[in-house]
Amino acid sequence: MSKIHQNRPGSRRDFLGKLAGTAALIGMSNLPLAANAEVNNNHLPGGGPGADNQGMNLGDPDEWLKANIKGKHKIIFDCPEPKELFTFAWPRAFLLTNQATGTEAKDCSVVVILRHNAIPYAMGDALWAKYNFGETFKINDVRTGAAATRNPFWDTKPDDYKMPGIGAISLGIRELQADGVLIGACSLALTVYSAVVAMKTNQDAAAVKKEWMDGLIPMVQPMPSGVWAVGRAQEHGCTYCFAG
């Protein structure tokens, strides 16, 4: 079973301090407009070969939630921090225990919102390797125990994650999506963090933001902000669950 990695506060505080300073420099008042422009541009994620985003109503995020939250039992998992296996263990536990009590996955609506420090989970392996997300966000790879250079929940193996008393459990994003789990990513956080990275690496902020948006894994829906999405999902009937 994967160990839960404790954040190292010093380097994390330094990074978040730079984040706060950069947000002030670029002007927080401009960020919602940039986020809305991105999510209303019919963005089709391209995070993996053969990505098929049809039938998921990607485009307008409110319509996406409205169209896809239809199940008998509805829940929103709010994920602001990378909690390793727990980020995706909670939605899997919801599906498994509903199945055990008579409701199949197809009759449940599960929404996972990746926001704030959990946004790397929304992006593909190439960006993890290029931008050292594992080291920056303090996320370890279950296979190596070292800082992840890939998304640990994208290209998973059947025995990557095990739970005492249960055994191997499927926590991969691809498998969760196949069971109908909806995953949204905070465009506001993507805007701010990509600007920080661009500043630290002397790149153009707009180019890095575009690269991150283009690198979202298939069928992840960009949201104006994570907190916007958490609120909207509840308006569409989801019960709230904090997952990070």
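At roughly what angle do the axes of helix H3 and helix H10 cross? In this predicted model, local features need pLDDT of at least 70 and side-chain atom pairs count only at pLDDT 80 or more, while totals for chains, interfaces and linings use all residues. Residues are numbered from 1 along each chain as its sequence is written, and side-chain values use heavy atoms, with hydrogens and water left out.

The axes of H3 (residues 61-68) and H10 (residues 226-235) cross at roughly 35 degrees and come within 10 Å; axes here are lines fitted to C-alpha atoms over the stretch in contact, with angles from 0 to 180 degrees between N-to-C directions. The helices, like the strands below, are DSSP runs (H or I, at least four residues, for helices; E, at least two, for strands), numbered from the N terminus. Pro 61, Asp 62 and Leu 65 of H3 meet Trp 228, Ala 229, Arg 232 and Ala 233 of H10, where contact means heavy atoms within 4.5 Å.

Strand E1 (residues 73-79) has five of its seven residues buried, that is, under 20% relative accessible area with a 1.4 Å probe, protein chains only. Its pairings, each requiring at least two DSSP bridges between the strands, are tabulated here.

| Strand paired with E1 | Sense | Bridges |
|---|---|---|
| E2 (residues 108-114) | parallel | seven bridges |
| E7 (residues 239-242) | parallel | four bridges |

Within these pairings, Ile 75 stands opposite Val 110 in E2, and Asp 78 has Phe 242 in E7 as its bridge partner.

Notes: Buried < 20%, exposed > 50% of the residue type's maximum accessible area, 1.4 Å probe, protein only.
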